[in-house]
There are 2 protein chains.
Amino acid sequence: MTPEAVADHIGALRAQLGEKGLLAGGDLAAYETGARYDQGRAAFVMRPATTAEASQAVAYCVRHGIPVIPQSGNTGLVSGSTPDETGSQAILSLDRMTAVFEVDAVNQTVRAGAGWRLSALNARLEADGLFFPIDLGAVPMLGGMIATNTGGSRFLRYGDVRANTLGLDVVLADDDGTVLELGSGLRKDNTGIDWKQLFIGSVGALGVVTECILNLEALPQQGAATLLVPSSADAVPALLIAMERAFGDTLSAFEGMSGNAIRAAFAHVPHLRNPFENGEVPDFVILAELARSNAARAGEQPLDALLEEVLAEIWENGDDLLSDALMGPPEDIWALRHALSDGVKNAGKLIAFDLAFRRGDVMDFLSYMKAELAKAFPMLTVCDFGHLGDGGVHFNLIAPHDHPALADPGFETSVRDLVFSVAVERFGGSFSAEHGIGRKNQAYYDRYTPEAIRDLAARLKQAISPAPLGAAIFSNTRTK
Amino acid sequence: MTPEAVADHIGALRAQLGEKGLLAGGDLAAYETGARYDQGRAAFVMRPATTAEASQAVAYCVRHGIPVIPQSGNTGLVSGSTPDETGSQAILSLDRMTAVFEVDAVNQTVRAGAGWRLSALNARLEADGLFFPIDLGAVPMLGGMIATNTGGSRFLRYGDVRANTLGLDVVLADDDGTVLELGSGLRKDNTGIDWKQLFIGSVGALGVVTECILNLEALPQQGAATLLVPSSADAVPALLIAMERAFGDTLSAFEGMSGNAIRAAFAHVPHLRNPFENGEVPDFVILAELARSNAARAGEQPLDALLEEVLAEIWENGDDLLSDALMGPPEDIWALRHALSDGVKNAGKLIAFDLAFRRGDVMDFLSYMKAELAKAFPMLTVCDFGHLGDGGVHFNLIAPHDHPALADPGFETSVRDLVFSVAVERFGGSFSAEHGIGRKNQAYYDRYTPEAIRDLAARLKQAISPAPLGAAIFSNTRTK
């Protein structure tokens, strides 16, 4: 685009979207910079306040051949919501899509604009005793959560975003900016193709989510948490099964934390209490949580007493699964879990992976992968943590900032190639559990998606939403 | 097709699929007859035993222009799995697709052929203490459950088939009978479009499901059930919320049963115990069930005692929600619930609907609809029952077999038009909650699906699986 053409587009779009609705020329860094990686450049930033405005904005860009990058909370880690460095892409930010907020208390649903932050949504729902039950460290907006189908730490109990989405308004990338209203809060509705499923997890490549209807759950009324030290890696799946047997639906989280990740948190996150004996961090720790959404009844055993009783039974049953168990206030225990991300981010040069496995494969992958990395890349420290209850692993590798290997521009790619090949080819795992596809992992989508599926994706994209949209390219041929 | 051409196809397919794999000429009634409606005629019945054979069979039919009707347990109620009366369609039965059965106990999943009956699958899983948690009156096969995304009576606790499907093998209707292997039992995997979602609930129109990976749940270890008589229709949503607040995740079913449906069951199903005082059936009864997947612990209050205690509190709290509550063995209480279908089927000429609403709208719909029907069709008795916890309503209308109105060939269509217009247009409900789309309700798909969505469906079908497949037509143009 020539500067004159860009100026024309800015004028035309500002007339449609208003002063607040079109940002250009000034400081766009907040929109152009990824949460962890990348610094791109946008032609301009469109900020529609309604679905109709979003439709106008998309239609304008499609008709003028301007690629659109939908952007939500911009907390993603795979460069899925930021523009590339060409300056020719337009950002469509959802940050003004917050006018709609309608709770249906009997249906246990909320209709909300896609620009609502998860934290703000849940703060507003608290008065009704309800919440949208996706538990994440970050503070994303709803549109991005839907586009990446986030799971988080309570997946075990509540499922992912997909399982909790009952309706979507979506703008397609066609000449009309066609608006689809998909679903209306019904929990059972099988009247043809369930179109909204196509837009969940596909990172904005097929359409821009502008509004949604979400399932809500009752806020937990009782909770208890513990830090378990398994006797060995082999004991971990057995512990998970034993806890599920004993607690049933009351088990609400079962998270794995490597000693390295915990040590990084203690080193880099202030005011974090070290609960371990003599401060000695074990090699691997499990955070287990119980929760109930009903209030405790008179005479009922409190959850922490129940937890202690069951742990004592597991301890004594002779299977030798546990080598230690620490009780403590759930807030303290979760503070440690939530500090892990910040810890590893500040521990050195971070190479991060968002993997998932069948539940029985997680510990085997960790053991095999660590041995391979020690051989190939001995300068890397493995600081993994994740969601044992659903097989998710945030596999983080740290190199000292001053290590000479980092000077090699191919170093990170070599590391990624090795980890992905083991995770995907040897263990049948996922190379993107809940972060979606962006420019950062596009090459691995191209490598690990069968050709038949990539062909289908290209045909599907062409059939329903043909213009360039989003950072992820679900086809064989990259569009300019 | 000429008889000679049919004979040629039979010969060619028998050579590929074997003697057991191709039925023709003899008695095909079990495959040609719908569970409740319709008697069609098939050119022949293909019974592949593997995904590779299913692919060969579909490819053969596509290349020779023979429309294929995938058929699973054939328990559907909308003519979605039977051929039309032309004799030109081929049935592809899944009934030999049962060789695959692999349980992964740590992952809590099973890989199974699509020809497994739900009842047989759960019988085999019982030894592991696991089950596929979709509770239905019928005995469907997995392929059909996936194609219609059934929900059933424990939706409230476990969700629908979609929420419990982690992988699918699918054969597309193209020249190659392309096989897609979608998902491998991972619970988190967001690496592009989630293709399997397209085949769940779309009634075989986009592809034939041949194999699946399903989420399993621990078998309930504790249960209690009650029959509640609400003081009024308005009390029903308040009772649902009160029970959810009190019991949280332990509430596993909340089913509505009209007095008329219960009376039909007593009249037509032998050996059914009448638990009501003096045998007098109330106007509306709710079946509420509690269940826990963990075993009861020493000293813990049994679920039936807990249920009685909470009901006493609801009774005494002054909101006047309950006019009666009957405790009883869960088997007896469920026997009544499961007898309702047989009862209404034998009570006269049945016109059945499978509707769903937002939870707060169910009782309002019932009240409004009954008044409208009394005016327009006074010969009809409303025998509704359904799933209040998720808004599903099996809305059944009964006319005396000898009523003269039945002689009018347009009578049933007039009744359907009225009910659907109220359910969909006035209450924003679904005209097919969990039965899917077949020839029986195709006209309502065409009427109530927005044109933009029908156009998209036609383009999607053309792009990924272009040949005629299934009884449902998700496009504007019917293919011959």
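Author: Strands here are DSSP runs (E, at least two residues; helices are H or I, at least four), numbered from the N terminus. Helix H3 (residues 51-63) of chain A packs on the sheet and touches E2, E3 and E4 of chain A, where contact means C-beta atoms, placed from the backbone, within 7 Å. The direction of H3 makes about 170° with that of E4(A); axes are lines fitted to C-alpha atoms, for helices over the stretch in contact, and angles run from 0 to 180 degrees between N-to-C directions.

A word on the ground rules: this is a predicted model, where local features need pLDDT of at least 70 and side-chain atom pairs count only at pLDDT 80 or more, while totals for chains, interfaces and linings use all residues. Residues count from 1 along each chain as its sequence is written, with chains lettered from A and ligands numbered from 1 in the order written.

Now the neighbours. Strand E2 (residues 42-46) of chain A runs parallel to E4(A) over 4 bridges, and two strands pair if DSSP finds at least two bridges between them. A:Ala42 is bridged to A:Gln89. Strand E3 (residues 68-71) of chain A is also parallel to E4(A), again with 4 bridges, and there A:Pro70 meets A:Leu92.

Conventions
Two residues are in contact if their C-beta atoms, placed from the backbone, lie within 7 Å.
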